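Please read them with the structure open.

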Amino acid sequence: MPVNTISGIDTKADAQSLPINELFYSLQGEGKLAGVPTVFVRTSGCNLRCWFCDSYHTSWEPTHAQMTISEIVDEVESYDANHVVVTGGEPLVHEETSILLDRLSDAGYHTTVETNGTLFRKTAIDLASISPKLASSTPTAERDPKGDGEWAKRHEERRIDIDALGKFVDSYETQLKFVVTNESDLEEIETLVSKIRAAADAPIRDTDVLLMPEGATRERLDENRERVAELAMEYGYRYTPRLHVDLWNDAPGT
């Protein structure tokens, strides 16, 4: 079982620091690099509030330790891995994330950024793993895990930025990873992919579009995975598992 190494760290913030929710070594569970041994750096803080967020303590109730960029890089270097994922929350809400990515790239790491695609930054990203948030992610009153839908309007207004998505596609190797809650999501996915293709100069292949079943537990994935796999075959997109959930269920640090 991967171990969360962030607990107990008590460091002082400085001008180049980040709020880190957890830092751990595991396998990449999703996307084109699924199965690759990877160090994960999870920042705290997000500009959206998906009702099904699988990193609740980076968005709805953010918790973290403050770590300097140098401390993060030192911790990453303590593991025998060539790949690093910077994730969240939404890591690109922090300007310092760009500094971290540049440092990791200079140290020879392959960097993946997990982002919702609403905040473009020009930095050292080898793979932009973009998860545009569909209408089905909006925390309406009946789905809000914390209240009565107070975040719904802000989330809906912010969840898609076509210009930013086009810049990501033109600037980095990308994968568009959509969380599918049910079959009705596919109409919106088709529309969004078409709009992003129109906004970007670089091509987006159907195999760059990934469908992932919603679910942070094995039980929930069991309800969704077969139908989402069928939808991937029907539409010609790529299915991605959630390998870490299959292996470790919803344990932290995985």
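1. A contact here means heavy atoms within 4.5 Å. On that basis, 69% of the chain's contacts with a separation of 6 or more join residues 24 or more positions apart. Note that the model is predicted.

2. Overall form. Along the principal axes, the C-alpha atoms fill a box of roughly 45 × 40 × 35 Å. The secondary structure comes to seven helices and nine strands.

3. Burial and surface. Of the 254 residues, 50% count as buried. The accessible surface comes to about 11,200 Å². Carbon and sulfur atoms hold 46% of that surface.

4. The largest pocket. How much space lies in it? About 1,000 Å³. The lining is made by 50 residues. Nearest the centre of this pocket lie Arg42, Asp54, Ser55, Gly88 and Arg242.

5. Which elements build that lining? At least two residues each come from strands S1 (17-27), S2 (37-43), S4 (83-87), S5 (110-115) and S7 (174-180), and from helix H7 (243-248). S1 gives the most, with four residues.

6. The residues divide into 21 polar, 17 nonpolar and 12 charged.

7. Rolling a probe the size of a water molecule over the atoms shows where empty space is left. The structure holds one cavity of 30 Å³ or more. The largest cavity has a volume of about 40 Å³. Its lining consists of Phe52, Pro132, Lys133, Leu134, Ser136, Ser137 and Val179. Four of these residues are nonpolar, two are polar and one is charged.

8. A loop residue to look at. Ala141 sits in the loop between strand S6 (127-130) and helix H3 (152-158).

9. Surroundings of Ala141. Leaving out residues up to four places away in sequence, Ala141 touches Gly147, Asp148 and Gly149. The C-alpha atoms of Ala141 and Ala152 are separated by 7.8 Å. Along the chain, these two alanines are 11 residues apart.

How values were computed: Residues are numbered from 1 along each chain as its sequence is written. This is a predicted model: local features need pLDDT of at least 70, side-chain atom pairs count only at pLDDT 80 or more; totals for chains, interfaces and linings use all residues. Side-chain values use heavy atoms; hydrogens and water are left out. On a 1 Å grid over the protein atoms alone, a cavity is a set of points where a 1.4 Å probe fits but cannot get out, and a pocket is an open set with protein on both sides within 12 Å along at least five of seven lines; lining residues have an atom within 4 Å of a point. Grid points are joined across faces, edges and corners, and a volume is the space filled by probe spheres set on the points. Ala, Val, Leu, Ile, Met, Phe, Trp, Tyr, Cys and Pro count as nonpolar, Asp, Glu, Lys and Arg as charged, and the others, Gly among them, as polar. Buried means under 20% relative accessible area, exposed over 50%, partly exposed in between (1.4 Å probe, protein chains only). Accessible areas come from the Shrake-Rupley method with a 1.4 Å probe; for residues, only the protein chains shown count as cover.
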